[in-house]
Amino acid sequence: MTRGPVDATTTDAWKALTELRAGFEPDLRSWFADDPGRASRFTFEAADLHVDLSKDLITDDLLAGLLALAEQVGLEARRDAMLAGERINVTEDRAVLHTALRLPADASLVVDGTDVVPAVHETLAKMYAFADRVRSGEWTGVTGERIRTVVNIGIGGSDLGPVMAYEALEPFRHPEIECRFISNIDPTDAGQKLKGLDPATTLFVVSSKTFSTLETLTNARLARAWLLDALAENGDVDRADAVRKHFVAVSTALDKVADFGIDPENAFGFWDWVGGRYSVDSAIGTSLAIAIGPERFGEFLGGFHAIDKHFAETPLAQNVPALMGLLNVWYVNFLDAQTHAVLPYSQLLHRFPAYLQQLTMESNGKSVRWDGTAVTTDTGEVFWGEPGTNGQHAFYQLIHQGTRVIPADFIAFANPAYPLADNHDGQDVDVHELFLANFFAQTQALAFGKTDEQVRAEDTPEHIVNARVFSGNRPTTSIMAPALTPGVLGQLVALYEHITFTQGVVWGIDSFDQWGVELGKQLAQQISPAVSGDASTARQQDTSTQSLIAYYREKRQ
Ligand code: F6P
């Protein structure tokens, strides 16, 4: 039974936090100087992740207040309800069980009278067998040639996870198979990604939970036409056979897959209890499984599971996702943070912030609670970021000296994927160490700043002293791990999934629906005839839209 949401703002803990906020004067310089145990007290381990919250704006009192809030909103009960398969996605009347996708084969999770684990592992086995056949060259295209390019066609959760992980795990990829990803309905995307491909060696994975998403179905049809036309140029082909050998699908709607002409034998299913943005660890990861192989994919899932266990079993006072989620609530609701930066010091994680944008913002961008009542606080903050050190030379200025509070997560790895040395003045310099020095330096600068005394001590002309002062007290979390392996990537994703969940519970919202994307989709369908010249549909639009469409029609050649 799903219980109604608690209005967090009416709890005693919220009142206590409001009082704490009134007298809150963050002073990381003194907090560290006066408390030699601060770094170790606020550093936590979760599986392979080493998470230092000591440069966050956290105190013992605040931590106690946030833990009380977690208790009063029922965070643990809600977590347990999710993990047990209760229908906590109330507006869609669904269970929320992405965590079941990474349960070991000998586990059991009975939902509505059925153990879901065997079906999860059956699908994994089917996907792994297929990935092995493609990797070994046993799976061939219609002309008998092995597959050299896998093109994933999907959007949102059916794209962002696979592409992010494919990029992140580049060192683990099959050397002779390239993956490409088509998502946008902008024809440029398909045009560019299909350019230069040999149809005889190309396999398409059409990934769509619903198999009804406009972008994905349009791109899948474009790809099918491209494949059949290109194959026909080189001689006669059996069209049905070509589609069977060059198209596979991942979906919960296997009937629609068959309607498209894809052999149901070559379709990998999943379940409505997996949200799109939580699905990279389902068969939606088929392109990734082909790229990195079943063994590595299994390690990826193992990483998710390790954090699931941590989240499920660790007392909240040491529970990393819960603590990070609660801190985010503090920043958003008490310190007025509107955004949150995620700054990976790893070029391989260059798509990680984009991935997290869907995870966090599609989940927590809500204004009503799960019982339909209006929220009485701000909810989801804007997540954004880019890898360091590139960001340092672009937007960090605003994080260091701007007027806004921007909590930032810094992520780094002890071991580089590419250990390169720079021979400089006859000495070999480990470039990863230079890189990490920047990672350490940035959080130090943000925390402790630079006082006017320090600036003056550098003989700075008086009129630019203020411009060179750094206030410090800018909150950061440092997340480190030994190396960016498939397992560690799974851990990072699961960490943010549970941070997002924690924030959603405090705000009382359903973090698993996404009604906010529907209106635009409906209107696009309604407007479409006007774009193609239908005058009566055009007249039904507002005057701004009418004039924009008129501009388009005038300029289109
Ligand atoms: O943007 C809405 C959304 O439903 C996402 O939640 C989802 O990841 C994406 O569209 C793609 O949906 P599908 O996998 O059904 O094509």
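Predicted model: local features only at pLDDT ≥ 70, side-chain atom pairs only at ≥ 80, totals over all residues.
**Helix packing**

Two packed helices are described by the angle between their axes and the distance between the axes.

| Helix pair | Angle between axes | Axis distance |
|---|---|---|
| α7 (residues 160-168) and α12 (residues 286-313) | about 15° | 9 Å |
| α13 (residues 320-334) and α19 (residues 486-507) | roughly 50° | within 8 Å |
| α4 (residues 60-73) and α13 | roughly 100° | within 10 Å |

Let's begin with α7 and α12. Their angle of about 15° falls under 35 degrees, so the two helices are roughly parallel to each other. The crossing is left-handed. On the α7 side the contact uses Pro162, Ala165 and Tyr166, which meet Ser287, Leu288 and Ala291 of α12. Sorted by class, this contact holds 5 nonpolar residues and 1 polar residue, with no charged ones.

From α13 the contact takes in Val320, Pro321, Ala322, Met324, Gly325, Leu326, Asn328 and Val329, while α19 supplies Leu495, His498, Ile499, Thr502, Gln503 and Val506. Its residues divide into 9 nonpolar and 5 polar, and none is charged.

Against α4, the angle is roughly 100°. That value lies in the range of 65 to 115 degrees, which means that α4 and α13 are roughly perpendicular to each other. Leu62, Leu66, Leu69 and Ala70 of α4 touch Ala322, Leu326 and Trp330 of α13. What is the class make-up of this contact? There are 7 nonpolar residues, with no polar and no charged ones.

**The ligand shell**

Now to the ligand. How many residues surround the ligand? The shell has 14 residues, and the closest are Gly156, Gly157, Ser208, Thr213 and Gly276. By class, the shell comprises 2 nonpolar, 9 polar and 3 charged residues.

**Annotated positions**

The UniProt record, an unreviewed entry, lists Glu362, His393 and Lys521 under "active site". Do these residues gather at one spot or lie apart? They span 160 residues in sequence and their farthest two C-alpha atoms are 37.3 Å apart, so they do not all gather at one spot. One of the listed residues, Glu362, sits in helix α14 (residues 352-364).

**Two backbone details**

Two loops deserve a look when you inspect torsions. In the first, the peptide bond between Gly388 and Thr389 is cis, with omega at about 5°. Thr389 belongs to the loop that links β11 (382-384) to α15 (396-401).

Phi of Phe211 is near 50°, a positive value in a residue that is not glycine.

Terms used:
Residues numbered from 1 in each chain as written. Axes fitted to C-alpha atoms, helices over the stretch in contact; angles between N-to-C directions. Helix = DSSP H or I, 4+ residues; strand = E, 2+ residues; numbered from the N terminus. Parallel < 35°, antiparallel > 145°, perpendicular 65-115°, else oblique. Left-handed = near helix turned anticlockwise from the far one by under 90°. Contact = placed C-beta atoms within 7 Å. Nonpolar A, V, L, I, M, F, W, Y, C, P; charged D, E, K, R; others polar. Near = placed C-beta within 6 Å. UniProt positions renumbered as here; feature names shortened; annotations may be inferred.
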